[in-house]
Amino acid sequence: MSLLFSPFTLRKLEFKNRIFVSPMCQYSCVDGMPNDWHLVHLGTRAVGGAALVMTEAASVTPEGRISPQDAGIWNDAQRDAWKPIAAFISNNGAVPAIQLAHAGRKASTFAPWRGRGKVDVAQGGWQVVGPSANAFSESYPQPHEMSVAEIRTTIDAFAVAAKRSLDAGFRVAEIHAAHGYLAHQFLSPLSNLRTDQYGGSLENRMRFVLEVSAAVREVWPKSLPVFTRISATDWKAGGWDVAQSIVLAKESKRCGIDLIDVSSGGTAADAQMTIRPGYQVPFARAIRQAAEIATGAVGLITEPVQAEQIVADGDADCVLLARVLLRDPYWPLRAATELGVAVEWPDQYKRGAVNAFGK
């Protein structure tokens, strides 16, 4: 009996298994518009058997993109471009999800294969913003410190983007509060140097994320879940850590957040991370147990037995896979075979299906 392939329900939405596709930037948009690449990239993972397929970070404002080639959901044209993608995912047995994001001080940077560091205005870049006027590193843009009015406008942008996402056919929204992007920048004392109601104490540093959560939850149907992705630790002394993450998870639950997608790092350029298979799973377990909220584990989860053990041991309620799904979009179908689980294959692929005995 595989728990990895058992159904999982949040609110009134059932997922057919516990294998979720993690957001992965494709750096392939023009003016934030998804296109055929995204249809094939995301659609293939739905055909491959994942229960949830999540888009890359979709920026809620133009200046919130990580790179000029990032996806967006800040206008109706983008909403309409996402519609056939969400429909294809849904029609092929997976739940379509979107990650709502704002890169803050880590915006206006080059796509990985186009260069490094900041993209100047003359090259198509823009003035970036953040909770404070401190750059991520010397090669990153210098941010403008957001006013309270700008903060509130950005919170509203998350809510409007969530409404567009729902209209586009997405059934799960995830708030991106990890990897050193804007919401994480507010959380971490390494990046948030403010002295007003959005800085200083833990309560104040959490305010932006919780206000975004409440705004998104207000426009999202009560029958459908909202996730938040966090970095459980900055991997640096004096920064954001697991203890603070547990407090945030408890407060997020009160705001109506249903699952914490647990990653780590991204705020400190000089962080010293200890990376090994499943290295972030203990964070998901700690938050799940202490905050009594569903969690997702992510990070170097590559083998079916490993994924099964994470769920079976109660470390997390689901696993989110990324790079392994770039190498093998049909990983869930292969995992089912390795674990001896009978799953439904697409009709078009059944002649290539294998049973538990490899035939």
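**Entry 1: Y330 and Y349**

I looked up Y349 first: at 36% relative accessibility, Y349 counts as partly exposed. I take buried as under 20% relative accessible area, exposed as over 50% and partly exposed as in between, with a 1.4 Å probe and protein chains only. Y330 has 28% relative accessibility and also counts as partly exposed.

The model is predicted, so local features need pLDDT of at least 70 and side-chain atom pairs count only at pLDDT 80 or more, while totals for chains, interfaces and linings use all residues. Residues are numbered from 1 along each chain as its sequence is written, and side-chain values use heavy atoms, with hydrogens and water left out.

**Entry 2: aromatic pairs**

I searched the whole structure and got 12 aromatic pairs. Rings of Phe, Tyr and Trp (its six-membered ring) pair if their centres lie within 6.5 Å; planes under 30 degrees apart count as stacked, over 60 as edge-to-face and the rest as tilted. For F186 and Y198 I read ring centres 6.2 Å apart and planes at 70°, so this pair is edge-to-face. F186 is in helix α4 (residues 182–187) and Y198 in the loop between α4 and α5 (202–219), so the pair ties together parts 12 residues apart in sequence. Helices (H or I, at least four residues) and strands (E, at least two) are DSSP runs, numbered from the N terminus. Both F186 and Y198 are buried.

Y330 and Y349 also form an edge-to-face pair, at 5.9 Å centre to centre with 65° between the planes. Y330 sits in the loop between α9 (323–327) and α10 (331–338) and Y349 in the segment after α10, so parts 19 residues apart in sequence are tied together. I also noted one aromatic cluster, formed by F8, F15, F20 and F227.

**Entry 3: nonpolar cores**

I define a nonpolar core as a set of buried Ala, Val, Leu, Ile, Met, Phe, Trp, Tyr and Cys residues joined through side-chain atoms within 4.5 Å. The largest has 101 residues, and F15, L100 and F208 have the most contacts inside it. Helix α3 (residues 148–168) gives the largest share of this core, 9 residues. Apart from it lies another core of 6 residues, including W126 and Y181.

I then listed contacts (heavy atoms within 4.5 Å). Leaving aside neighbours within four places in sequence, F208 touches residues including I151, F158, F186 and Y198.

**Entry 4: strand β10**

How many residues of β10 are buried? I find 6 of the 6, so β10 is largely enclosed by the rest of the structure. V226, T228 and I230 cover one side, and F227, R229 and S231 the other.

Strands pair if DSSP finds at least two bridges between them. β9 (residues 172–177) runs parallel to β10, joined by 5 bridges, and A177 has I230 as its bridge partner.

**Entry 5: helix α7**

In α7 (residues 281–291), I find V281, F283, A284, I287 and A291 buried. They cover an arc of only 160° around the axis, which puts them on the same side of α7; the arc is that of the directions from the helix axis to the C-beta atoms. The buried residues of α7 pack against β10 (226–231), α6 (242–254), β11 (259–263), β12 (294–298) and α8 (304–312). Just after α7, E292 takes a positive phi of about 55°.
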